[in-house]
Amino acid sequence: MYEIQPEDAELLKYFRTTTTKNRPLKLNRLLNRLRMGPLPGKKVIVCTKPYSEYAIGTLGQYRGDPIKLDEKRYTSLADAQWALLKLRWESISPYPWPADLD
């Protein structure tokens, strides 16, 4: 399994500025690592109003359990994806979120 390195924090800035097909290979490797993990308790994006409102939710313990939604809502998918990336980085990475990315 890929181990997150301190220099991987530099790759996070490319997440907002590149499209999926133009992302550096190292960034894709990092994103795959952040997406891995057990499903119970995993953070996911939930569309609460089609194309206009998104929330971050937490999956339940078992398949079919309701998703627990956070209070905060996002008006764009990109903002929700950025917030989710930050949450996953903080929960998986042994390194702090870069201060210059907030």
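**Fold and salt bridges**

Modeller: Happy to. Keep in mind that this is a predicted model. Of the chain's 102 residues, 33% count as buried.

Biologist: What pattern do the helices and strands follow along the sequence?

Modeller: The chain has three helices and three strands. Read along the sequence, they come in the order α-α-β-β-β-α.

Biologist: Which residue forms a salt bridge with D79?

Modeller: The count comes to three salt bridges. D79 sits in helix 3 (residues 77-92) and its partner in helix 1 (residues 13-17), so the pair ties together parts that are 63 residues apart in sequence. The closest N and O atoms are 3.7 Å apart, and the partner is R16.

Biologist: Is R16 buried or exposed, or something in between?

Modeller: Buried would need under 20% relative accessible area, and exposed over 50%. R16 has 49% relative accessibility, so it counts as partly exposed.

Biologist: Which residue forms a salt bridge with R73?

Modeller: R73 is itself partly exposed, with a relative accessible area of 34%. It lies in strand 3 (residues 68-74), and the partner is in strand 2 (residues 53-58), 20 residues apart. With the closest N and O atoms 3.6 Å apart, the partner is E53.

Conventions. Residues are numbered from 1 along each chain as its sequence is written. This is a predicted model: local features need pLDDT of at least 70, side-chain atom pairs count only at pLDDT 80 or more; totals for chains, interfaces and linings use all residues. Side-chain values use heavy atoms; hydrogens and water are left out. Helices (H or I, at least four residues) and strands (E, at least two) are DSSP runs, numbered from the N terminus. Buried means under 20% relative accessible area, exposed over 50%, partly exposed in between (1.4 Å probe, protein chains only). A salt bridge is a side-chain nitrogen of Lys or Arg within 4 Å of a carboxyl oxygen of Asp or Glu.
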